[in-house]
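Student: I have a structure open and I'm new to it. Could you walk me through how to read it, one feature at a time?

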Amino acid sequence: MRPKVKRACLTMALGVASLVGGGVTAHLLLPARPPVTRVPLAPEPPGVVADPPAEQPKPKPEPPARVICIDPGHPSENGAGAVAADGLREVAANWQVAQALRTELVRRGTKVVMTKAKEGQKVTNRKRAEIANEAHADLCVRLHCDANSGQGHTVYYPEESGTVDGRTGPDKAVREASGHAAQAMSAALREGLGGELTDNGVKTDRETAIGRKQGALTGSIYSHVPVLTIEMVDLTHAADVRWMRSAENQRKIAAALADGALRFADGAR
Ligand SMILES: [Zn+2]
């Protein structure tokens with residue numbers, strides 16, 4: 001390809017040279033021009049001058065849609081989830097909030113990827129992370145409810161890497177981004193819920209039972225994208241359970257989760 005380009009350039013250069021040469025010869029034969037007298041233009045009466053065309057605002061190129069992966073926790077290799085004394089199942093609460101969160105994110109122009117298609121579908125935590133990875137998600141939001149004699153919401157992130165089945169992760173960039181996401185998410189939950197639930201702030205994967213053993217949660221270890229695990233309420237706390245049973249409250253926490261996810265995703269760009 002290269003020699004062809006060179007030949008083309010040479011031909012063009014020769015063509016220009018011959019044109020210039022011809023132009024010079026022709027100009028020498030022309031008589032000298034008389035001097036031009038400039039007459040000042042009369043000012044135009046008002047109203048005649050056409051307004052300059054209005055500046056058309058250039059359409060801004062649309063930024064690519066943010067991608068949020070929603071991972072409604074359970075059933076997985078870690079079981080079907082907790083069950084409250086009154087019968088509220090964690091897997092159902094996770095699924096219902098996930099649906100509300102998806103609706104909220106889509107309404108805000110976000111692309112949503114779900115890690116499972118229906119409430120009872122069993123998906124391993126490794127597979128859930130891989131779904132978020134394949135989607136190149138800006139953030140993976142893992143929804144859970146605790147059952148640990150506490151109350152309120154807690155946002156967990158992998159501060160350090162862990163190891164499971166010979167795989168060590170997540171890498172430093174994912175850990176740091178997850179830390180930023182955790183702060184944004186915790187603030188959004190605090191603001192969005194207005195103290196209706198106890199705010200336990202941000203904790204690390206290490207502070208969970210599985211994280212203590214592995215260094216990080218399995219869903220974090222396999223993640224190539226920023227990842228958070230959110231324990232939304234504690235199912236051993238009767239007031240938390242009552243709160244979570246309300247569809248209105250589920251929409252409220254979903255809106256706060258969407259705020260947190262997008263605050264992080266927008267800030268990270
Ligand atoms: Zn859970």
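**Reading the fold step by step**

Tutor: Let's begin at a loop: P75 lies in the loop between β1 and α2. Helices (H or I, at least four residues) and strands (E, at least two) are DSSP runs, numbered from the N terminus.

Student: What should I know about the model itself?

Tutor: It is a predicted model, where local features need pLDDT of at least 70, side-chain atom pairs count only at pLDDT 80 or more, and totals for chains, interfaces and linings use all residues. Residues are numbered from 1 along each chain as its sequence is written, and side-chain values use heavy atoms, with hydrogens and water left out.

Student: Back to that loop, then. Which peptide bond there is cis?

Tutor: First the general idea: most residues other than glycine have a negative phi, and most peptide bonds are trans. Here the bond from H74 to P75 is cis, with omega near -15°. H74 sits in the loop between β1 and α2 too, and has a positive phi of about 75° although it is not a glycine. Another cis bond joins G169 and P170, with omega about -5°; P170 is in the loop between β6 (167-169) and α4 (172-193).

Student: Which protein atoms are the donors of the zinc ion?

Tutor: Donors are N, O and S atoms within 2.8 Å of the metal (3.2 Å for Na, K and Ca); water is not among the atoms, so sites may look incomplete. In this model they are H74 (NE2), E90 (OE) and H144 (ND1), lying 2.1 to 2.2 Å from the zinc ion. Their spacing along the chain is H-x15-E-x53-H. E90 belongs to helix α2 and H144 to strand β3, so this pair ties together parts that are 54 residues apart in sequence.

Student: How do I read the sheet?

Tutor: Look for paired strands: two strands pair if DSSP finds at least two bridges between them. Here 6 strands make an open sheet with mixed pairing, in the order β2-β1-β3-β8-β4-β7. At the edges are β2 (111-114) and β7 (199-204), each pairing on one side only. As one example of a pair, β4 (residues 153-157) and β7 run in the parallel sense over 4 bridges, with V155 opposite V202 in β7.

Student: Which helices lie on the sheet?

Tutor: Contact means heavy atoms within 4.5 Å. Axes are lines fitted to C-alpha atoms, for helices over the stretch in contact, and angles run from 0 to 180 degrees between N-to-C directions. Helix α2 (residues 90-107) lies across β1 (67-72), β2, β3 (139-146) and β8 (227-234), at about 145° to β3. Helix α8 (residues 247-267) also packs on the sheet, touching β1, β3 and β8, and its direction makes about 150° with that of β3.

Student: And how do I describe two helices packed together?

Tutor: Two packed helices are described by the angle between their axes and the distance between the axes. For α2 and α8, the angle is about 55° and the axes are 8 Å apart. Angles under 35 degrees count as roughly parallel, over 145 as roughly antiparallel, 65 to 115 as roughly perpendicular and the rest as oblique; α2 and α8 are therefore oblique to each other.

Student: Which residues of α2 and α8 meet?

Tutor: Among them are V97, A100, L101 and L105 in α2, and I253, A254, L257 and L262 in α8.
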